[in-house]
Amino acid sequence: MHISKPLLRSGPTVAAAAALALSLAGPAAAAGISVSTTGSTVSVSTTACTQVNGHWGTASLLGSGQTSFSQGRQVALTGTAAGQSAAWSNVGAGTYTVIVVCSDGSTAGTQAVVVSPVSSPSATPTASPTRGVMGGVGGGSADYGTVTLVAGGALVGTGLLATAWYLRRRARPHHL
């Protein structure tokens, strides 16, 4: 039997592409939900649920010692066909399990999450200036009158004339 060389060269490429597709689809399809924490807020999102009778489903946050969906803090999923989400606020530090059950009764996913203790910022008093910040435009906020403006304009004009005279004098050729 004769096997052509182009077919032999494309074999490993096709196998690598198939393995990549399976590896990308595997975890995403297995997880079904994405859980994140921000401070004392836990949020979950999914795209696995479909709307039935105006409801997407329910998410439950189970603490330690809680074993069933009904024992957890339950929140209704909100969103669109592109994605649904739920959130719990004021969650204490610890390890929790998030379970999402769609309105058709199927489980979208289960995932554990760790909520870190929230450190409260401590306020330390600082000395404040007695007169506040002295801002301005370097004296530009005071009205100095016409005499000051004329004197300043004369100085600027004299500087411009002196600069022009000096540059013109330098540009002439010097004869010995």
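Trp165, Tyr166 and Leu167 form a nonpolar patch on the surface of this predicted model. Together the three residues have about 380 Å² of accessible area. Trp165 belongs to helix α2, which covers residues 146-171. Elsewhere, Cys49 and Cys102 are joined in a disulfide.

- Trp165 has a relative accessibility of 55%, so it counts as exposed.
- Helix α2 is 26 residues in length. From its first C-alpha to its last, α2 reaches 38 Å. That is close to the expected 38 Å, at 1.5 Å a residue.
- None of the 26 residues of α2 is buried, so the helix lies largely in the open.
- An α-helix has 3.6 residues a turn, so residues three or four places apart point the same way.

**The chain as a whole**

- The protein chain holds two helices and eight strands.
- Along the sequence, the pattern reads α-β-β-β-β-β-β-β-β-α.
- The chain has 176 residues, and 16% of them count as buried.
- Its accessible surface comes to about 13,100 Å². Carbon and sulfur atoms account for 61% of that surface.
- Take the contacts between residues at least 6 apart in sequence: 52% of these join residues at least 24 apart.

**The disulfide**

- The count for this model is one disulfide.
- The sulfur atoms of Cys49 and Cys102 are 2.0 Å apart. That lies within the 2.5 Å cut-off, so the pair counts as a disulfide.
- A disulfide is a covalent bond between the sulfur atoms of two cysteines.
- The link of Cys49 and Cys102 is left-handed, with -75° about the S-S bond.
- Cys49 sits in the loop between β2 (41-46) and β3 (57-62), while Cys102 is in strand β7 (residues 94-102), so the pair ties together parts that are 53 residues apart in sequence.
- Both Cys49 and Cys102 are buried.

- Asn53 is in the loop between β2 and β3. Its relative accessible area is 75%, so Asn53 is exposed.
- Asn53 and Ser103 are 50 residues apart in sequence. In space, their C-alpha atoms are 8.5 Å apart.
- Asp104 lies in the loop between β7 and β8, where β8 covers 107-115.
- Asp104 counts as partly exposed because its relative accessibility is 48%.
- Asp104 and Val52 are 52 residues apart in sequence, yet 6.7 Å apart in space, C-alpha to C-alpha.
- Leaving out residues up to four places away in sequence, Asp104 touches Thr50 and Val52.

**Positive phi angles**

- Asn53 has a phi near 55°, a positive value in a residue other than glycine.
- Asn90 also is not a glycine, and its phi is positive at about 55°.
- Asn90 lies in the loop between β6 (83-88) and β7.
- Asn90 counts as exposed because its relative accessibility is 65%.

Notes. Residues numbered from 1 in each chain as written. Predicted model: local features only at pLDDT ≥ 70, side-chain atom pairs only at ≥ 80, totals over all residues. Heavy atoms only, no water. Patch = residues over 30% accessible without salt bridge, like charges linked within 9 Å, V, L, I, M, F, W, Y side chains within 5 Å. Areas by Shrake-Rupley, 256 points an atom, 1.4 Å probe, with all protein chains shown as cover. Salt bridge = Lys/Arg side-chain N within 4 Å of Asp/Glu carboxyl O. Helix = DSSP H or I, 4+ residues; strand = E, 2+ residues; numbered from the N terminus. Buried < 20%, exposed > 50% of the residue type's maximum accessible area, 1.4 Å probe, protein only. Expected span 1.5 Å × (residues − 1). Contact = heavy atoms within 4.5 Å.
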